[in-house]
Amino acid sequence: CRAAINAYFVVGRPQEAQAYFLRAVSRGVSLSIETLEVFIAGLLRYSLEMPARDVFGRLAEFGHSTRTSTYNLFLEYYLRDRRIEEAKRLFKEMETVGLVPNQMSFLHFLSYLIETADYKGVDRVREYMRVRRVSVD
């Protein structure tokens, strides 16, 4: 299922990926968290944020809890789209629900800050990482 969903996105057919996903769900196919993340990532690649947020909000219905890697998909999307406030809100939400930001979480922010030449922001993130004892080596 994951390979087919990903293949539709790779060849530029996100609507067919969505249709395939919906058919699988309607048939009661058990989808792994990895498959759901592939689907969310593909939707975000094509700026289909609302369907991606819908799947994200329904992870429990699929038998999964959110995890840091799922949040990272949205962090990357918001920062790529220059929506820093949304990314910050999501980062705080991640911590509020008890998830620990990982190296990728911080790398997304650092990449954005370096790209936008916000070097004071880089220093703030690096200090936050030092306090949290997160290394990005």
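Tutor: Start with two helices: α7 passes α8 in a left-handed crossing. Keep in mind that this is a predicted model.

Student: At what angle do α7 and α8 pack, and how far apart are their axes?

Tutor: The angle is about 160 degrees, and the axes are 8 Å apart. Helix α7 covers residues 103–115, and α8 covers residues 119–132. Angles over 145 degrees count as roughly antiparallel, and therefore α7 and α8 are roughly antiparallel to each other.

Student: Which residues of α7 and α8 make the contact?

Tutor: From α7, Phe 106, Leu 110, Leu 113 and Ile 114. From α8, Tyr 119, Gly 121, Val 122, Val 125, Arg 126, Tyr 128 and Met 129.

Student: How many residues of that α7 and α8 contact are nonpolar, polar and charged?

Tutor: Nine are nonpolar, one is polar and one is charged.

Student: Next pair. How do the axes of α5 and α6 cross?

Tutor: They cross at roughly 165 degrees and come within 8 Å. So α5 and α6 are roughly antiparallel to each other. Their crossing is left-handed.

Student: Which residues make the contact of α5 and α6?

Tutor: On α5, the residues include Tyr 71, Phe 74, Leu 75 and Tyr 78. On α6, they include Ile 84, Leu 90, Phe 91 and Met 94. The contact of α5 with α6 divides into 10 nonpolar, two polar and three charged residues.

Student: What about the loop between α5 and α6? Which residue has its place there?

Tutor: Arg 82 is in that loop, between α5 (68–80) and α6 (84–96). Arg 82 has a positive phi of about 65 degrees, although it is not a glycine.

Student: Now Thr 35. Is it buried or exposed?

Tutor: Buried, because its relative accessibility is 5% and the cut-off for buried is under 20%. Thr 35 is in helix α3, residues 33–45.

Student: What does the side chain of Thr 35 make a polar contact with?

Tutor: The side chain of Ser 32, at 3.0 Å. Leaving out residues up to four places away in sequence, Thr 35 touches Arg 2 and Ile 5.

Definitions and conventions. Residues numbered from 1 in each chain as written. Predicted model: local features only at pLDDT ≥ 70, side-chain atom pairs only at ≥ 80, totals over all residues. Heavy atoms only, no water. Axes fitted to C-alpha atoms, helices over the stretch in contact; angles between N-to-C directions. Helix = DSSP H or I, 4+ residues; strand = E, 2+ residues; numbered from the N terminus. Parallel < 35°, antiparallel > 145°, perpendicular 65-115°, else oblique. Left-handed = near helix turned anticlockwise from the far one by under 90°. Contact = heavy atoms within 4.5 Å. Nonpolar A, V, L, I, M, F, W, Y, C, P; charged D, E, K, R; others polar. Buried < 20%, exposed > 50% of the residue type's maximum accessible area, 1.4 Å probe, protein only. Polar contact = N/O pair within 3.5 Å; in protein donor to acceptor, adjacent residues only side chain to side chain.
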